[in-house]
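Good morning, and thank you for coming.

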Amino acid sequence: MYQFSRSIYRELAPMLAAKGGVACESKQRMLDACESTMNRLVSDRRYFAKPTKALFSDLRNLFPIQDQLVVYRVVDRNVRLAVQYLDSVPAEELVPAGGRECRAHTRRGTPCQREPLPGRDYCPSHKHLEEDGTVVMPASAEAELSIAA
Ligand SMILES: [Zn+2]
């Protein structure tokens with residue numbers, strides 16, 4: 001899905017209204033907006049009724065008024081291509097930008113950042129969590145909770 005956000009970015013970056021240091025910030029905002037739209041298309045497409053409109057309204061303020069029609073067309077074309085692409089590939093092959101992460105937490109309580117096994121929600125070292133169907137709280141955490149209560 002990156003290809004569509006990058007394509008919007010490449011086409012629109014030269015038209016950004018801002019100059020100098022502000023331009024960098026605008027470019028970053030534009031890229032973030034494009035990528036979050038693409039991510040949302042991948043993960044939440046059924047409830048994302050108007051992706052073109054949503055992305056255009058995120059981007060329009062970055063561009064001079066006379067360029068906004070062009071901006072709209074670039075966004076619309078690439079969003080359509082992205083939706084066509086989504087229609088053509090099986091859902092399990094779609095990976096939100098930024099990669100997938102294991103759903104487990106490490107012993108220190110931070111999210112596990114390893115890549116899950118294909119088709120699974122957990123990485124190789126946490127795959128037992130998925131097989132159990134339940135997430136088991138470590139004994140120490142349970143003890144702390146009962147002390148707190
Ligand atoms: Zn893990």
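To explain the term, a residue is buried if 20 or more other C-beta atoms lie within 10 Å of its own, exposed if 12 or fewer, and partly exposed in between, with the C-beta atoms placed from the backbone. Before I go further, please note that this is a predicted model, in which local features need pLDDT of at least 70, side-chain atom pairs count only at pLDDT 80 or more, and totals for chains, interfaces and linings use all residues. Residues are numbered from 1 along each chain as its sequence is written.

Where is Ala17 placed? Ala17 lies in the loop between H1 and helix H2 (20-44). Helices here are DSSP runs (H or I, at least four residues), as are strands (E, at least two), and they are numbered from the N terminus. Leaving aside neighbours within four places in sequence, Ala17 is in contact with Leu62, Phe63 and Pro64. Two residues are in contact if their C-beta atoms, placed from the backbone, lie within 7 Å. Ala17 and Asp67 are 50 residues apart in sequence, and their C-alpha atoms are 9.2 Å apart in space.

Asn61 counts as exposed, because it has 10 C-beta neighbours inside 10 Å. Between the C-alpha atoms of Asn61 and Leu16 the separation is 9.7 Å, although the two residues are 45 residues apart along the chain.

Let us now take the chain as a whole. How many helices and strands does the protein chain have? There are six helices and zero strands, and from the N terminus on the elements run α-α-α-α-α-α. Of the 149 residues in the protein chain, 18% are buried. Among contacts between residues at least 6 apart in sequence, 47% join residues at least 24 apart.

Which residues of H4 are buried? They are Val71, Val74, Val75, Asn78, Val79 and Ala82. Seen down the axis of H4, these buried residues fall within an arc of 120°, so they line one face of the helix. The arc is that of the directions from the helix axis to the C-beta atoms. The face of H4 turned away from the buried side carries the exposed residues Leu69, Gln84, Asp87 and Ser88.

Helix H1 (residues 2-12) has Phe4, Ser5, Ile8 and Leu12 buried. Around the axis they cover an arc of only 100°, which puts them on the same side of H1. Gln3 and Arg10 are exposed on the other side of H1.

How do H1 and H4 meet? Their axes come within 9 Å and cross at roughly 165°. That makes H1 roughly antiparallel to H4. Axes are lines fitted to C-alpha atoms, for helices over the stretch in contact, and angles run from 0 to 180 degrees between N-to-C directions. Angles under 35 degrees count as roughly parallel, over 145 as roughly antiparallel, 65 to 115 as roughly perpendicular and the rest as oblique. Phe4, Ser7, Ile8, Glu11 and Leu12 in H1 meet Val71, Val74, Val75, Asn78, Leu81 and Ala82 in H4.

Helix H3 (residues 51-59) also comes within 9 Å of H4, axis to axis, and the two cross at roughly 140°. That makes H3 oblique to H4. On the H3 side the contact is made by Pro51, Thr52, Leu55, Phe56 and Leu59, and on the H4 side by Val71, Tyr72, Val75, Asp76 and Val79. Buried in H3 are Pro51, Leu55, Phe56 and Leu59. Down the axis of H3 these buried residues fall within an arc of 125°, so they line one face of the helix.

I close with two single residues. Ser57 is found in helix H3 and counts as exposed, because it has 12 C-beta neighbours inside 10 Å. Arg77 has its place in helix H4 and, with 15 C-beta neighbours inside 10 Å, counts as partly exposed. Arg77 and Thr52 are 25 residues apart in sequence and 8.7 Å apart in space, C-alpha to C-alpha.
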